[in-house]
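User: I am learning to read strand pairings. Please take me through some of them and tell me what each term rests on.

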Amino acid sequence: MAQVAKIVDEVASLVGEPGIGDRLTVTGPADVLPSLYRVTTVATASVAAAAIGAGRLLAARTGGGPPDIALDTRHAGAAFRSERHLRIDGKAPPGPWDPISGYYRTADGRWIQLHCNFPHHRNGVLDLLGAPNDRAAVERVIRRVEAASLELELQAMGLCASMARAEPEWAEHRQARAVAELPLIEVSRLGDAPPARFAPTETPAAGLRVLDLTRVIAGPIAGRTLAAYGADVLRVGAAHLPEVHSLLVDTGFGKRNAFLNLRVAADARRLRELIASADVVLQAYRPSALDRLGFGPDAVARMRPGIVYASISAYGRQGPWSGLRGFDSLVQTASGIVLATAEAAGTSSPVPLPAQALDHGTGYLAAFGVLDALARRVSEGGSWHVRVSLARTGRWLQDLGHHDTLAHPDPTADDVDAYRSCLSSEFGELSYIRPAATVAGVAPRWLSPPASLGTSQAVWSAPR
């Protein structure tokens, strides 16, 4: 119980509410996922934070007091691995990893990780290396080059790679220092707007409109979480952008999917029309990428005073790597997590976390920031900018210190069965991990299954 109490204390610090223990109940073991790090703490705390944000919005809408929140660590751990637990017609979907993705030894005896799950990233790596699409051939080429020079060259080409660093080495890196200066969840006021009036409801985000402009895991988790609390989530992508099918299904619950190409004038105009009546914009492009298209936070706040704009990035808004493409596993590699775990496990090969914990944690933190900002709109008004990053979430995890539970049994399919639900979809019968936590005794839920890309019109589901 003492260890679970520490999780409650972590939640209190995270949401800035020292007395949260009076209305937050955490059950289950303190350690669920085997790791060198406190992954179960981060899973439970970040999922709980999103629920607390939902509770604050519910209280703002009803005029009542903050509701009670309850969460089991085992459910939080399962939710943090939702893509691993997804079943389609009883079978696991194909994994997201391209055969070229992974860790490679370099000429100087170090490790470098390539992330090639999008075809254009893989093809760019192969072109730069002058190698065919064959892992053994890639290994032979990389064995002849040094890790730091290859990392620099790949990053300069806009490709996705990280050299594996030890934790002390990362701590001295200029990007790590830049990330350390940022808050875990950064919320700033973008401009003035009158206080919002939301109709009272039993569902925290019912009737609120969310534009989800994100892909892969972190951003889509944020949108999926808002959908579970009742928001109308319209996911907007473009037909020319690649997707990972299994992740699209896993993170697509409660959303509709539309296509818009922001480089086409008519589509950009349509997005501006959607923003004009939206409550939230979620985006996970590299910092300043949308600014160049006229959809940065300041521009969107002018289009729609009162908007809550959430930016999710790999390495944060400042520092020499702030403009890099990045993914959870690359941040783990760069920041020392995989080498520290390998040392603890007694192996020479890098060992990642037992979940895409930086992605999931960042997604839930973004959802908390959005829900909290929506609650602020009721009392304070204003437009708000929520910023989170994978690297800052990783620093939070590392700051909690090493806590070796690598020998802990990994949860089995039977262990997570209590947290499953089923839903029919166009993809087949889906068995999935339902949303964790309850708010005022009510569990969040998704009202619709995932849908294929481009199957919805770029319109809101219901008029106001």
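Analyst: D212 has L282, in strand β11, as its bridge partner. The chain then crosses from β11 through helix α13 (residues 297-303) to strand β12, in a right-handed β-α-β crossover. This is a predicted model, in which local features need pLDDT of at least 70, side-chain atom pairs count only at pLDDT 80 or more, and totals for chains, interfaces and linings use all residues. Residues are numbered from 1 along each chain as its sequence is written, and side-chain values use heavy atoms, with hydrogens and water left out.

User: What makes β8 and β11 a pair?

Analyst: Two strands pair if DSSP finds at least two bridges between them. Strand β8 (residues 209-213) and β11 have 4 bridges, in the parallel sense, so they pair. Helices (H or I, at least four residues) and strands (E, at least two) are DSSP runs, numbered from the N terminus.

User: Why do β2 and β16 count as paired?

Analyst: Strand β16 (residues 438-439) and β2 have 2 bridges, in the antiparallel sense, and at least two are needed, so they pair. The bridge partner of I69 is V439 in β16.

User: Why is the unit of β1, α2 and β2 called left-handed?

Analyst: A crossover is right-handed if, with the strands pointing away from the viewer, the path from the first strand over the helix to the second runs clockwise. The unit of β1, helix α2 (residues 39-62) and β2 is left-handed.
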